[in-house]
Amino acid sequence: MFKSELAKLAGVSSRTFRRYLATRRAILTAMGVSPFARKLPPQAVYYISEDYCIDIPDSAAIIKLHRVVPRYFFLAQAA
């Protein structure tokens, strides 16, 4: 999923969404997400949607990922 798609789902501008992501840079870097990436891997989409409370319409893949990767797994790695 693209960052711009997540921003639209969150109801904010792309610039506001980038500012939010900048506050989570350490966690996203631990997931292997570059600050310049446009497309996010599923685990990053799951983390962002949980953290920012974004409802994703097609969330079946996200729910499946949640069973495999615990939410706080990335937080422990970033610290």
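User: In what order do the elements of the chain run from the N terminus on?

Analyst: In this predicted model, the chain holds 6 helices and 0 strands. Read from the N terminus on, its elements therefore follow the order set by DSSP runs, and that order is α-α-α-α-α-α.

User: Which element supplies the largest share of the lining of the largest pocket?

Analyst: The largest pocket, with a volume of about 350 Å³, is lined by 17 residues, of which Lys 3, Arg 18, Leu 21, Pro 35 and Ala 37 are the closest to its centre. Two or more lining residues come from each of helix H1 (3–10), helix H2 (14–23) and helix H3 (25–30). The largest share, 5 residues, comes from H2.

User: How many residues of that pocket lining are nonpolar?

Analyst: The lining of the largest pocket includes 4 charged and 4 polar residues. The nonpolar residues of this lining number 9.

User: What percentage of the accessible surface of the chain belongs to carbon and sulfur atoms?

Analyst: Of the 79 residues in the chain, 29% are buried, that is, under 20% relative accessible area. The accessible surface of the chain comes to about 5,300 Å², and the part of it that belongs to carbon and sulfur atoms is 57%.

How values were computed. Residues numbered from 1 in each chain as written. Predicted model: local features only at pLDDT ≥ 70, side-chain atom pairs only at ≥ 80, totals over all residues. Heavy atoms only, no water. 1 Å grid on protein atoms, 1.4 Å probe; cavity = no way out; pocket = protein on both sides within 12 Å on 5 of 7 lines; lining within 4 Å. Points joined across faces, edges and corners; volume = space filled by probe spheres on them. Helix = DSSP H or I, 4+ residues; strand = E, 2+ residues; numbered from the N terminus. Nonpolar A, V, L, I, M, F, W, Y, C, P; charged D, E, K, R; others polar. Buried < 20%, exposed > 50% of the residue type's maximum accessible area, 1.4 Å probe, protein only. Areas by Shrake-Rupley, 256 points an atom, 1.4 Å probe, with all protein chains shown as cover.
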